[in-house]
Amino acid sequence: MTPGHGIRPQSDTAHARATLDKAAAENFPVAPAFLPRAWRDGLTAVYGYARLVDDIGDGDLAPGGRDAVLLGLDPAAVDDRLAMLDAFEADLLRVFGGTDGPPRHPLLLALQPVVRDHGLTPEPFLGLIEANRQDQRVARYGTYADLLAYCELSANPVGRLVLSLTGTSTPERIRRSDAVCTALQIAEHLQDVAEDLGRDRIYLPAEDMRRFHVAEADLKAPSAGASVRALVAFEAERARELLNEGTPLVGSVHGRLRLLLAGFVGGGRAALRAVTAAGFDVLPGPPKPTRSGLLREVAAVLRTAPRKG
C-alpha cells in the first residue's frame with residue numbers, strides 16, 4: 001500500500017497528533033474552544049500544515065524518518081530539508097487535485113476538506129514552503145526591508161488563511177492582518193535569538209546590528225550587554241508599532257472572530273511585554289508571557305480596538 005493511502009494506521013494518527021499538540025507552546029491560541037466547530041477544524045488543519053512545514057525547515061521532525069516515508073521518500077531523506085520540502089509541496093498539490101491520488105501525509109489529508117469547503121487557494125500554503133526553502137539558503141538579513149519580505153512568506157499567509165477560513169477577507173483586513181502577522185514573527189525572532197543562532201540563523205537585520213554596534217559574537221554571550229539590549233528594544237518597538245497598525249482589524253469584525261483576533265494581537269503584545277520585562281536580555285532563553293499576562297493583554301485589546309461596521 002502506498003504510504004498515506006487507505007486506512008490510517010493508529011501510529012500515523014498519533015504521529016500527526018504530536019505535531020498538532022505543539023500548538024500549546026505558541027504565543028497565541030490556535031483554535032480556542034469558543035469558536036464554531038467548523039472554524040476550529042479549519043484552523044487546526046492549517047496550523048498542522050504550518051507547524052509541519054516549519055518543522056521540516058528547522059530540522060525538528062520526529063526521529064525515525066516517518067514523515068519522509070509518509071511523503072514517499074526514503075527514511076534517510078528526513079535530513080535533506082530541501083528534498084523534504086519538495087516532497088511536501090508535491091503532496092500539497094495533491095490537496096488541490098493532483099493527478100496521482102490523494103495526499104499522503106495525514107496532516108495534508110486533513111487539510112483537503114478544509115481547502116474544498118472554504119475555497120482556499122494554493123498561494124498562501126506555497127508561501128510557507130518557500131519561506132522554509134529560504135531558511136536553507138539565507139541565514140542573515142541585511143536590511144529591515146529584507147526581513148519584511150521574508151515575513152511576507154513566513155508569517156502573513158497564516159493571517160490571510162484565517163480571514164479566508166472565516167469568510168471575512170477584504171483588502172483592508174488583509175493589510176491589517178499582514179501587519180499583525182509580521183509583528184508576531186518579529187516578536188518570535190526576538191524571543192528566539194539564542195535558539196536561532198544555534199541554527200546559524202540571525203533575524204536581526206545587519207544594518208541595525210551595525211547601528212547599535214552589535215557583533216555576532218555579542219549574541220553568543222550568556223547574557224546580553226547594553227548594545228544587544230538596545231538593539232532588541234529597538235526591534236521590539238518596531239513590532240509594537242506594527243501591532244498597533246494592525247489592531248483595528250479586531251474592531252472590524254464581530255462576535256467570536258473578534259475574540260480570536262484579539263487573542264493574536266494580545267499574544268503578540270504579551271510576548272513583547274515579556275521581552276521588555278526581561279530587560280531585553282533574550283540570550284539566556286526565550287522570555288515567555290504568563291497566562292495571566294496574556295489574558296490581560298487580550299482584554300486590553302478588546303477594550304481599546306476601535307469598532308467599525
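Which residues lie nearest the centre of the largest cavity? Here are my notes, starting there.

1. **Ground rules.** This is a predicted model, where local features need pLDDT of at least 70, side-chain atom pairs count only at pLDDT 80 or more, and totals for chains, interfaces and linings use all residues. Residues are numbered from 1 along each chain as its sequence is written, and side-chain values use heavy atoms, with hydrogens and water left out.

2. **The cavity.** Rolling a probe the size of a water molecule over the atoms shows where empty space is left. A cavity is a set of points, on a 1 Å grid over the protein atoms alone, where a 1.4 Å probe fits but cannot get out. Searching the whole structure turns up 1 cavity of 30 Å³ or more, and the volume of the largest cavity is about 90 Å³. (Grid points are joined across faces, edges and corners, and the volume is the space filled by probe spheres set on the points.)

3. **Its lining.** So, the opening question: His189, Leu190, Val193, Tyr203 and Leu204 lie nearest the centre, out of 14 lining residues, meaning residues with an atom within 4 Å of a point. The lining splits into 10 nonpolar, 1 polar and 3 charged residues. Here Ala, Val, Leu, Ile, Met, Phe, Trp, Tyr, Cys and Pro count as nonpolar, Asp, Glu, Lys and Arg as charged, and the others, Gly among them, as polar. H9 and helix H10 (193-198) each supply at least two residues of the lining; helices are DSSP runs of H or I, at least four residues, numbered from the N terminus.

4. You'll find His189 in helix H9 (residues 171-191). His189 has a relative accessible area of 9%, so it is buried (buried means under 20%, exposed over 50%, partly exposed in between, with a 1.4 Å probe and protein chains only). Leaving aside residues up to four places away in sequence, His189 touches Leu147, Tyr150, Asp196 and Tyr203, a contact being heavy atoms within 4.5 Å.

5. **Cysteines.** How many disulfides does the structure hold? The count is 0, with a disulfide taken as a pair of cysteine sulfur atoms within 2.5 Å. Cys151 is in no disulfide, and the nearest cysteine sulfur, that of Cys181, is 9.7 Å away. Cys151 is buried, at 0% relative accessibility, and Cys181 is buried too, at 11%.

6. **The core.** In soluble globular proteins, nonpolar side chains tend to be buried together. The largest nonpolar core has 85 residues, and among them Tyr49, Phe88, Leu111, Phe125, Leu204, Leu219 and Leu261 touch the most other members. (Such a core is a set of buried Ala, Val, Leu, Ile, Met, Phe, Trp, Tyr and Cys residues joined through side-chain atoms within 4.5 Å.) Helix H14 (residues 255-277) gives the most to this core, with 10 residues.

7. Most residues other than glycine have a negative phi. Asp200, though, has a positive phi near 60°; Asp200 sits in the loop between H10 and helix H11 (206-211) and is partly exposed at 45%. His213 also has a positive phi, about 55°. His213 is in the loop between H11 and helix H12 (226-246) and counts as exposed, at 68%.

8. **Thr166.** Is this loop residue buried or exposed? Thr166, in the loop between helix H8 (156-165) and H9, is buried at 10%. Thr166 and Trp39 are 127 residues apart in sequence but 6.8 Å apart in space, C-alpha to C-alpha.

Methods. On a 1 Å grid over the protein atoms alone, a cavity is a set of points where a 1.4 Å probe fits but cannot get out, and a pocket is an open set with protein on both sides within 12 Å along at least five of seven lines; lining residues have an atom within 4 Å of a point.
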